[in-house]
Amino acid sequence: MNNDHNLVLSKPRVKRHHVALFSTLVLLSLIGTRLYFEPLQSAQPHDKPQQLGGSKHHHHDDGDKPVVITVETAITKDFSVYLNALGTVTPLRSVTLRPRVEGEITRIVFNEGQNVKAGDLLAEIDPRPLQIQLQQSEGQLLRDEALLNNAQIDSQRYQTLLDQDAIAAQQNATQAAQVKQYQGIVEMDKAQVNNAKLQLSYTKLTAPISGRVGLRQIDQGNIVHINDTNGVAIITQLQPISVVFTLPEDKVPSILQRRTNGKSISVSVYDRENREKLAEGELVALDNQIDAQTGTIKLKAQFTNLDGRLFANQFVNVRMHIDTLTHAVQTSSAAIQTDEQGAYVYVVTPEKTVQLRRVKVGHIEGDTVVILENLAANEVVALEGVDKLHDGSQVDIAQKDGQAVASAPHNDMTPHDNSHKKH
């Protein structure tokens, strides 16, 4: 009986052992499954908020980050006001040398492009036909002078006879009239002689003005005529020389006021590219009326042109000094911004914020502009980076008046470095 009892007791122990082993395996499996999936589940919600938070934090940095700009200090000094125009070099005199008598060109004594003086011999026409005409006129004069002399002798004789009452008064008067007739003929003969001499002088073609001779229009051996349109050559005066240009009619009052005050107006001319200065002279004349079609007026400036850099019909850019503004506030034109309300600048305060300020713009010359109102000397205005500014923006100055500025700990131009320094 004892054996049976022991047998009965041993069977439940075996079952309990299997149950405990199975429970342990299930527990370990659950624990392993939880350990495997828990990091994945916990990582997803952790990473996602971190990414959103990081994005939000980055945006927050961008909004608070100062804008990096370059600035310039407004200055005050004298400002020269110029009027700009397009002009054409125009010689004071240009003469086409034409023959005044007909004949054959026997000699040409000038070189093309040569500078000549007034009175210099340039060419000769065959003088022989005119020399013969002069000789004929002189012979006729001698004949008529002899007739006049004879008539004068007869007149003196008749006057003596009249005093002796030997002849009629009428005969003496007739003889006196004949003397006057021969005197007239002699005067006409003298005029013929002088005309022949004048025509003979025209066989020598001389320069009527000082200047530069152009290309030769005719060669030696050609027959020239009085009505030849091309002539022999063209002489152009280059020293001095003028420039004719036009300006809008609204500029006329300021020009007239300066001329009325007796002040000379200096004019400079530049080449076609407006880079190289060619000459400097002064205004000498204004036209007497405004062109109604274009609304402009013509002006003329004169230049000595001693170096010969100005050439007839040359196109030039004209720059005329019309006024000087004393103690004018000036800044770069890059600082000027415009909108529907007008012009404005961003003024940088000592606290490194910007203030939007409306200004009145005056004359502009190159990259410099005159500020007439609402900006004082030594105030600092923004030049570059203004597209990111608004009234009250915080700024960092990278460059001032062309010189680099030492960066503050937060004044770094790269966003990555900014983020790194803040973290």
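Mentor: Let us start with strand pairing. Strand β4 (residues 103-108) and β9 run antiparallel and are joined by 2 bridges; strands are DSSP runs of E of at least two residues, numbered from the N terminus, and two of them pair if DSSP finds at least two bridges between them. In this pairing, G103 stands opposite V224 in β9. The model is predicted, so local features need pLDDT of at least 70 and side-chain atom pairs count only at pLDDT 80 or more, while totals for chains, interfaces and linings use all residues. Residues are numbered from 1 along each chain as its sequence is written, and side-chain values use heavy atoms, without hydrogens and water.

Trainee: In what order do the strands of the open sheet lie?

Mentor: Strands of a sheet pair through backbone hydrogen bonds, either parallel or antiparallel. Here 4 strands follow the order β7-β6-β4-β9, with antiparallel pairing. The edge strands, β7 (204-206) and β9 (223-224), each pair on one side only.

Trainee: Which residues touch the most other members of the largest nonpolar core?

Mentor: A nonpolar core is a set of buried Ala, Val, Leu, Ile, Met, Phe, Trp, Tyr and Cys residues joined through side-chain atoms within 4.5 Å, where buried means under 20% relative accessible area (1.4 Å probe, protein chains only). Among the 30 residues of this core, they are F110, L122, L205 and I235. The element α3 gives the most, with 6 residues.

Technical notes: Buried < 20%, exposed > 50% of the residue type's maximum accessible area, 1.4 Å probe, protein only.
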